[in-house]
Structures are given as C-alpha cells and as structure tokens.
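I opened the model to look up a few points and kept brief notes. The entries follow in the order in which I made them.

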Amino acid sequence: MTNIEMIREYGHEQVAYFNNEKAGLKAIIALHNTNLGPAVGGCRLWNYSSEEAALFDVLRLSRGMSHKNAAAGLPLGGAKGVILADPSQKTPQMFEAFGEAVNTFMGKYYTAEDVNTDTKDADYILRTTEYVVGREKVSGDPSPFTVIGVYDGIRAVAKFLNGSDSVEGMKIAVQGLGKVGMGLAETLAEAGAELIVCNNSNREAMKYAVEKLGAKEVGRDEIYGVECDIFAPCALGAVVNEKTIPQFKCRAIAGAANNVIYDDAAGEALKARGIVYAPDFIINGGGVINAGQEAFTTYDKEKVLEQVHNIYNTVYRMLEESKETGKPEGVIATEFAENRIRNGLDA
Ligand code: NAD
C-alpha cells in the first residue's frame, strides 16, 4: 500500500510533513477529522525505525483521538503529531519549530503533551503557538481525571457483573503503578477492593502498594493468569492477544492503557471466552475531557468532572449493547464514536 492509499484508508482530512533542518525538527501532523470541531491530540516524540513506521503510528493514533473525543461527547475532532527523534535530541528550538508547524493549521489542530514530551516541552511550543491544551496553569496534569474516569468505568463493570457498582471485596489486578495505575490502586483500596499488583521496574511503587494498600505482588508475566474479578491494564497496549487470552482467569478487563486489544481477532476471542471488556478509549477519556476543554471554552473543573463521571453511563451502555448484539465491546464503541463523527454529538 502506498502512503497516500494508507491515508485514504484511514480517512484523514490532511497529513502534513515538516522539515526544519536548523531546528532539527522532522515531524508529521495528521488531522483525522474535524466534523465535530477543532482537532485535539498530543505530540509524541519517538525514535521510529522508518518514516513509514512514523506515518503508520500517527495515522492510527489520530484516528483513535477522533474516536476518543467523539465518544467523550467533546465538540472536538482528532489529530496527532509525531516528532521523529530520539529523546536525547530534544532542544527548545525543536519544540518552537513544532509550534510553528501547529500554526500552519490555523486553529484546526491543538497539540498537547504525549509520550516523551512534557510540560517543559509544552512551554517551548507555547512560545510560537497558542494552540496547546493541557497547559500547566490551566487544566494541568490529566492523570487524576483519567483515574476518576477509569474508577467510574470499573464501577459500571461491577454493576454489569454483580448488579451493584460497589467494588468492595472484588479482586482487582492492576498492571503498572504509574501516574494512573497508582492513583487507581489507591482509589480501589479505599473503596475496599482486594488488590493484586505488578510493575516492571518501580520497586518503590510496589513496596508502597504492598505495605500501604495491602496489595499482593505478582511477577510481570504472572499478572495475566491471576484469578480475579477485573484485570486493569495501566501500563502497555496490546496486552489482550493470542498469548494472554487463554491465560486470563478474570471476569472482566477494564483499565487505563490505550489500544489494549491487539487486533479484531483478539476482540472476538475475548468475547468468545465470555470476558467482559470496557473499551479503552471510553474508559480512559478523563484526561482528554479535562485538557480538551481548553480548546473550546473557558476551563471549568466542575463541568469537567460532570463529563468525566458520565464515563460510567457510557461504559455501561457499551456492555449492555455488546450483550444484546453479541458484538465485541470494542466494535460497539467504534461504531458509537463513528456515528457521532458523521451525525453529531446527539446521535
Ligand atoms: P506511566 O508511564 O506513569 O506509568 C506506566 C507504568 O507502567 C510505569 O510505572 C512502568 O514502569 C509500568 N510498566 C511498564 N511496562 C510494564 C509491564 N510490562 N508490567 C508492569 N508494569 C509495567 O503512564 P500513565 O500516565 O500512568 O499511563 C498508563 C497507561 O494509561 C498508558 O498506556 C497510557 O497511554 C494510558 N493513558 C494514560 C492517560 C493519562 O492521563 N496519564 C490517559 C489515557 C491513557
């Protein structure tokens, strides 16, 4: 498939390449869809193996942002930027040049932090463009809002499984104790859940979870086979795949990680095993609900929280529809988002 065929396949409105030798910037910005409003999506910095790999990633991620924003009920489209570089090559000039690239979209693209970019980099981007969301002094760190949304999504799963949305006494396995995973573990422990945790490298986090939250520690490959009610992936994508599906001894999967299901076949296989799945881009939308507000109105924390709590209803609705139709939850969620993109947020 040629690059232009790939762009057509994903249905993008515009894909732009940027090259600024002096600033050391090589970047691609992919604007997927602006039917619902200006497009929002972070700026990822990654040392891609090839330009094709970067294009593939930015196309996939920007379409994912269209789905996430529409499903969250935001009047926003989806986009993403990628900078092709190693984190060791980061300079203020690189991000200033990225800001100039953002300006060429004249307000149709708002950028934000993402993998390998942080608030300091966002400050450099802000030197040359105003089209940045998730600013430190406005909406701030999105992670606490992601935690709230994931917890609400887990309560919706509990309601679907048990008829009650209390997590008290439920066994929940949390993979990854980073910004979201640890916040989630703390919230779940406070609500009376029994925790099982694993983290690949952060010993301090593990010690805290075991000693302060009463969690049971397991190895990083053991977590998939742990007997539990809910497996909450909060580290990596693609953890539901042909290797892990036979190992799962959980009743449901609900966590913060993006692109949890490896591919359509994995979604079908999970459904066939009777394991309930809370679609990733719906349950983890709290962060973008918080940051995205900056792109279309004055930031208002109360309104943000109201919208984040609505994740409970959306997740529950997806699970019910999946049960009625027999389609995997991820497919239901994608159809829901695409319908809104075509027909508006009330669809
Ligand atoms: P983070 O980098 O703070 O935490 C991830 C943690 O997972 C790290 O502590 C890392 O050591 C651990 N980890 C990595 N590989 C692991 C493995 N194989 N087994 C166990 N632990 C492993 O990231 P975060 O911000 O907490 O985000 C977690 C996930 O949620 C990511 O997939 C991210 O894309 C997604 N997400 C985050 C947000 C947000 O607001 N931060 C929003 C939406 C989605």
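I began with Val180, where a backbone N or O atom lies 2.8 Å from an oxygen atom of the ligand. I count a polar contact as a pair of N or O atoms within 3.5 Å; within protein, one must be able to donate a hydrogen and the other to accept it, and residues adjacent in sequence count only if both atoms are side-chain atoms. The model is predicted: local features need pLDDT of at least 70, side-chain atom pairs count only at pLDDT 80 or more, and totals for chains, interfaces and linings use all residues. Residues are numbered from 1 along each chain as its sequence is written, and side-chain values use heavy atoms, with hydrogens and water left out.

I then checked two side chains. Thr146 places a polar side-chain atom 2.7 Å from a ligand oxygen, and an N or O atom in the side chain of Asn200 is 2.6 Å from an oxygen atom of the ligand. Taken alone, the ligand exposes 820 Å², of which the protein buries 76% (Shrake-Rupley areas, 1.4 Å probe; for residues, only the protein chains shown count as cover).

I listed 19 residues around the ligand, with Thr146, Lys179, Val180, Asn200 and Ala235 coming nearest (near means a heavy atom within 4 Å). Helix H5 (143–162) and helix H6 (179–190) each supply at least two residues of this shell. Helices are DSSP runs of H or I with at least four residues, numbered from the N terminus.

**Cysteines**

How many disulfides does the structure hold? I found zero, taking a disulfide as a pair of cysteine sulfur atoms within 2.5 Å. For Cys228, the nearest cysteine sulfur is that of Cys250, 5.1 Å away. Cys228 is buried at 8% relative accessible area; buried means under 20%, exposed over 50%, partly exposed in between (1.4 Å probe, protein chains only). Cys234 is in no disulfide either, and the nearest cysteine sulfur, that of Cys198, is 10 Å away. Cys234 is buried too, at 13% relative accessibility.

**Helix H8**

Which residues of helix H8 (residues 264–272) are buried? I noted Ala266, Gly267 and Leu270. They lie on the same side of H8 because they cover an arc of only 105 degrees around the axis, the arc being that of the directions from the helix axis to the C-beta atoms. Exposed Asp264 and Ala272 are on the face turned away from the buried side.

**Phe95**

I placed Phe95 in helix H3 (residues 92–103) and found this residue buried, at 0% relative accessibility. Phe95 and Ala23 are 72 residues apart in sequence, and their C-alpha atoms are 8.4 Å apart.
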